[in-house]
Amino acid sequence: MVYQTNLYATQKGNAFTPVTVQDILCFLAINIGMGIKRLPSYRDFWSTNEILHDAFVSGLMRVRKFIWILGNIHLNDNNLMPKKSEKNFDKLYKVRPLLDHLSEMFLKVFKPGQKQAIDESMIKFKGRSSLKQYMPKKPIKRGYKVWMRCDSSGFACEFQIYTGKTEEVERNLGERVEQKIIRQKPHVLFFDNYFTSYDLLKHLETQNITACGTVNMSRKNLPKNLLEDKKMKRGDFDWSVSNDDIACIK
C-alpha cells in the first residue's frame, strides 16, 4: 500500500512527501475510529469547534496529510491495469491485492468447524458502480453481492465478490460458485435452492463432502414419483435415493 500510494502520487507529477508504513497504519486506524464515532464530515474531527473537535484523532495526523492520503491511496499500478477489451480484464483490479490477501489470511488464521454454509451476502451501497446489484427480495436491496462460505460460528472462511454477468451466457452459476470457493473441505455443507442441484451434490460426493440443501423440484434429474403436495398431510413424508446414493426427501 505504501509503495503503490507513492507510485500513484509520482505518476501524477506533483511534488509530495512520500508516505511511510506508519502513516498508512495511522490512516487506517483513524478510518476505523471514524466508523465507530461518526460526525457529519471527516473534517469535523479537526474542527476548531469544541463540540465537534476530536483531540485524539487530530493529535495522530494533520488534516492536510489525511486528505492527501485519502486522495492518493492505491493498491495496484494503474499503468498495468488490463483494458476492458483484454481477456484478463478485472473489474476489481484496483483492490485485487487486498482481496487476495484477505482471502489467504481468512483460510490461514481460523480452523473451521464441521458444519459450514454457502450463501450470498450483500454489502450495502447506493452510489454509482457497475458492480452494484439490485435484489428486491433481500433486506439490503442495493449493493455489492458477495458469495461467502461461513462457519457455523459466523466466521467467513472464503468469499468472492460478484462482478456481474460475463459476455457469454452464464449457466449453472450456483454450481460454479460452490466449486470455486471451496478450498478448505468442510465435513457438512449447507446451502439453499439457488445452489442445490443433482450434479453439484454428485460432484461434492466425489470430494467426500456431505451436503444438504433445499431444492426447487423443477430442477433436472430429480425424482418425479414423489407424493404430490395436495395429497400430503402434516407429518407425511416421501423420499427417493439415486444409484449415486443421493437422497431427495419431501
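## Charged and nonpolar features of a predicted model

Gln 114 is partly exposed, because its relative accessible area is 46%. The model described here is predicted. Gln 114 sits in the loop between helix H5 (96-109) and strand S1 (115-124). Along the chain, Gln 114 and Ser 152 are 38 residues apart, yet their C-alpha atoms are separated by 8.3 Å.

**Salt bridges**

The structure contains 7 salt bridges.

| Pair | Closest N and O atoms |
|---|---|
| Asp 90 and Arg 96 | 2.8 Å |
| Glu 120 and Lys 138 | 3.4 Å |

In the pair formed by Asp 90 and Arg 96, Asp 90 is buried, with a relative accessible area of 19%, whereas Arg 96 is partly exposed at 27%.

Glu 120, Lys 138 and Lys 145 are joined in a network of salt bridges. Glu 120 forms a salt bridge with Lys 138. Since Glu 120 belongs to strand S1 and Lys 138 to the loop between S2 and S3, this pair ties together parts that are 18 residues apart in sequence. Lys 138, in contrast, is partly exposed, with a relative accessible area of 25%.

Which side chain of opposite charge is nearest to Asp 151? It is Arg 149, which is 7.2 Å away. A salt bridge requires a side-chain nitrogen of Lys or Arg within 4 Å of a carboxyl oxygen of Asp or Glu, and Asp 151, although buried, has none. Asp 151 lies in strand S3. Leaving aside residues up to four places away in sequence, Asp 151 touches Phe 110, Pro 112, Gly 113, Lys 115, Gln 116 and Cys 157.

**Surface patches**

Lys 124, Lys 126, Lys 141 and Arg 142 gather on the surface in a patch of positive charge. Of these residues, Lys 141 is located in the loop between strand S2 (133-134) and strand S3 (142-151). Lys 141 is partly exposed, because its relative accessible area is 36%.

A nonpolar surface patch is made by Phe 237, Trp 239, Val 241 and Ile 249, and its area is about 500 Å². Val 241, one of its members, lies in strand S7 (residues 239-241). With 45% relative accessibility, Val 241 counts as partly exposed.

**A buried loop residue**

Is Ser 197 buried or exposed? Ser 197 counts as buried, because its relative accessibility is 8%. Ser 197 is found in the loop between strand S5 (188-191) and helix H7 (198-206). Ser 197 and Leu 222 are 25 residues apart in sequence, and the distance between them in space is 8.6 Å, C-alpha to C-alpha.

Definitions and conventions:
Residues numbered from 1 in each chain as written. Predicted model: local features only at pLDDT ≥ 70, side-chain atom pairs only at ≥ 80, totals over all residues. Heavy atoms only, no water. Patch = residues over 30% accessible without salt bridge, like charges linked within 9 Å, V, L, I, M, F, W, Y side chains within 5 Å. Areas by Shrake-Rupley, 256 points an atom, 1.4 Å probe, with all protein chains shown as cover. Lys, Arg positive; Asp, Glu negative; His and termini not counted. Charge placed at Lys NZ, Arg CZ, Asp CG, Glu CD. Helix = DSSP H or I, 4+ residues; strand = E, 2+ residues; numbered from the N terminus. Buried < 20%, exposed > 50% of the residue type's maximum accessible area, 1.4 Å probe, protein only. Contact = heavy atoms within 4.5 Å.
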